[in-house]
Amino acid sequence: MPLIRIIPLQFSSVSTMETMLSVLSNRFKMETRLSGQHLDLTPFFNPVRSQYNANEIIQKLLPLAGEDDKIVGVTDLDLFIPVLSYIFGQAYLGGSVALVSGHRLENRRYGLASDPQIFSDRIIKCIVHELGHTFGLKHCLKPGCVMVSTTYVEEMDQKSDMFCQTCQNELSMLTA
Amino acid sequence: MDNNLSILVVDDELSVRDSLSNWFLEDGYDVDTAEDAKVALKKIEAFHFHIVLIDIKLPGMDGLELNRRIKAINEDTIVIIMTAFASVDSAVQALKDGAYDYVCKPFDPDAVTHIIRNASKSIQLSRENLSLQDRIKSLVNVEYIIGQSEGILKVLEQVRIVAETDSTVIIHGESGTGKELIAKAIHMNSPRRFFPMVTVHCGAIAESLMESELFGHERGAFTGAQYARKGKFEMADGATLFLDEISTISMKMQIELLRVLESKRFTRVGGNRELQSDFRVICATNRDLQTMVKAGEFREDLYYRLNVFSIEIPPLRERPEDIKLLSEHFVKLYADQMNKGTRYIGKRAAKALNNYAFPGNVRELENLIERAIVIGTGDTVQLKDLPFEHQMSKPTWESIQDMEQHHIEAILTKYDWNISRAAKALGVDRVTLYSKIKKYKIEKPK
């Protein structure tokens, strides 16, 4: 039975986990579990950029995924890929691993008061989005759909954590 | 996302190629990658990429040179240069060499998304522009040149061949065959179509005014010339100059015209500044210029200068199959213009039109139909609405043989005693026609 496994990698917002598991299980109609596996992220730190290399972390997580399983690494650390200055998350189209960072989803980073609910909403949207890519979904243009490409938190607040009907149909086809 | 666009990422770093191709794949683009310029050029020669992202620093040939090579292969390819802050100067050079934009690595996710979306919009706009131009072109081709006869199709084929060139064209045809329309078709399908076609009706301009009309004049050049005026040569700069009824210009003007056609340089009347104009000449005549040359009425050198490409428009009587189409076209045109409900042509009227020789060609047919629409009532053009009704409605013969004899005579006259064409029109073979000619003792007029 294929699973979605969430691996916290230096992730402090434990309170969001329960909601996270429930939403993912509902969106993807798959059993979703919290994994106790551990990965040391120190080797992926880039001192010049003071960020962690997402591509390298994903490569390291790959062997942990079973044949049909999907793995989501969740972290508080700031992530980058070589050509971009930052990313909220990263996944390969049709791959088995997604990686999401809560670092830039925190209100505090933008001079605002911390809001755990907003943070929880944002990180869940981010995980659903990246997991969507691992199932083969591309970016969507329908406003509100979780597969809309977002590069700012303000944009992320505009969308929901749900798939639009088109993406939902495509996901059903891809997972059938 | 535009799923029809293809992107090539050229970077020697695998991680950059992977990251970007994954990023663009998620946006629904077709993506390929190349690790150096050599591989990139091979891929570009084999497949058309809409957008190419190039790292400025590549092993071997650098990004700047690769940009220039890509532009040489296909100028429409959008090239985006990726550079580090240190090499912004080089990126500026790339822009001068035709690159679309540049981004400094590492770039914000938003920046790359915006650049690619802007590039997509730019590609879409040029596609729309091309399709609009095609539509304009095809509209011009089909709308006003009516006919499906072999003769008119051959003319259109010649128009297609010569339109793209800059050669001088001479259009021969009887009065009323539509020489100006053919000239317009050539102009509208030529690279000069975005400029107007400047027309000079040589026959309608007095000899004394011709020089000023063609060359223009300076202020005070002659009595009454209060202001300077541009001539047709000057106005046709970048465009087409159509000289209608070229056979009517005087010998003096023929010399002047030849000189200008050869040098494309001229001086306004009363001026001393030499002007230059880039125009293409199309001329038309209803007279046989070669005969005029033999008779010493037209300069031989000018004739050869003009006669680079010749188009002969057949008279309407030689393409009777176009009469129906043209008649229907004019009925619709004038009925709409006059707000009348006329839509059809009656059987007898159509037959009469088909049997008429139309010495005035399409212009005469047009006038006949216009008149018929003015005087006619109801939704159909009747024989009585046409001026030659009496010829058709009061036959002087009584027997079937008489009728056959007169009909054969009419058809033979119509086809200038060309037995094959007359037999074809009558629906009999040549032997039958010869025996009928013998039987009715029909004689060819001398």
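Good morning. The secondary structure of chain A comes to five helices and nine strands; helices here are DSSP runs of H or I with at least four residues, strands are runs of E with at least two, and both are numbered from the N terminus. Before I go further, please note that this is a predicted model, in which local features need pLDDT of at least 70, side-chain atom pairs count only at pLDDT 80 or more, and totals for chains, interfaces and linings use all residues. Residues are numbered from 1 along each chain as its sequence is written, while chains are lettered from A and ligands numbered from 1 in the order in which they are written.

Let me stay with chain A. Along the sequence, its pattern reads β-α-β-β-β-α-β-β-β-β-β-α-α-α. Of its 176 residues, 41% count as buried, a residue being buried if 20 or more other C-beta atoms, placed from the backbone, lie within 10 Å of its own. Two residues are in contact if their C-beta atoms, placed from the backbone, lie within 7 Å. Among contacts in chain A between residues at least 6 apart in sequence, 61% join residues at least 24 apart.

I turn now to chain B. Chain B has 19 helices and 16 strands. Of the 446 residues in chain B, 32% are buried. For contacts in chain B between residues at least 6 apart in sequence, the share that joins residues at least 24 apart is 67%.

One sheet of chain B deserves a description. It is an open sheet of five strands, in the order S7-S10-S13-S6-S14, with parallel pairing; two strands pair if DSSP finds at least two bridges between them. Strand S7 (197–201) and strand S14 (309–313) of chain B stand at the edges with a single partner strand each, so one side of each has no neighbour in the sheet. From one strand to the next, the twist averages 20 degrees. Strand S6 (residues 169–173) of chain B runs parallel to S14(B) and is joined to it by five bridges. Within that pair, B:Val169 stands opposite B:Phe309 of S14(B).

Next, helix packing. Two packed helices are described by the angle between their axes and the distance between the axes. Helix H2 (residues 37–46) and helix H3 (residues 63–73) of chain B pack at about 10 degrees, with axes 11 Å apart; the axes are lines fitted to C-alpha atoms over the stretch in contact, and angles run from 0 to 180 degrees between N-to-C directions. H2(B) and H3(B) are therefore roughly parallel to each other, a label given to angles under 35 degrees, with over 145 roughly antiparallel, 65 to 115 roughly perpendicular and the rest oblique. Residues of H2(B) in this contact include B:Ala37 and B:Leu41, and those of H3(B) include B:Leu66 and B:Ile70.

Helix H6 (residues 150–163) and helix H7 (residues 179–188) of chain B pack at about 40 degrees, their axes 8 Å apart. That angle makes H6(B) oblique to H7(B). Here B:Val155, B:Val159, B:Val162 and B:Ala163 in H6(B) meet B:Ile182, B:Ala185 and B:Ile186 in H7(B).

Finally, how do the chains touch? The contact takes 19 residues from chain B and 17 residues from chain A. On the side of chain B, helix H1 (14–26) and helix H5 (109–143) are the elements that give two or more residues. The largest share, eight residues, comes from H1(B). Thank you.

Key:
Buried ≥ 20, exposed ≤ 12 C-beta atoms within 10 Å, placed from the backbone.
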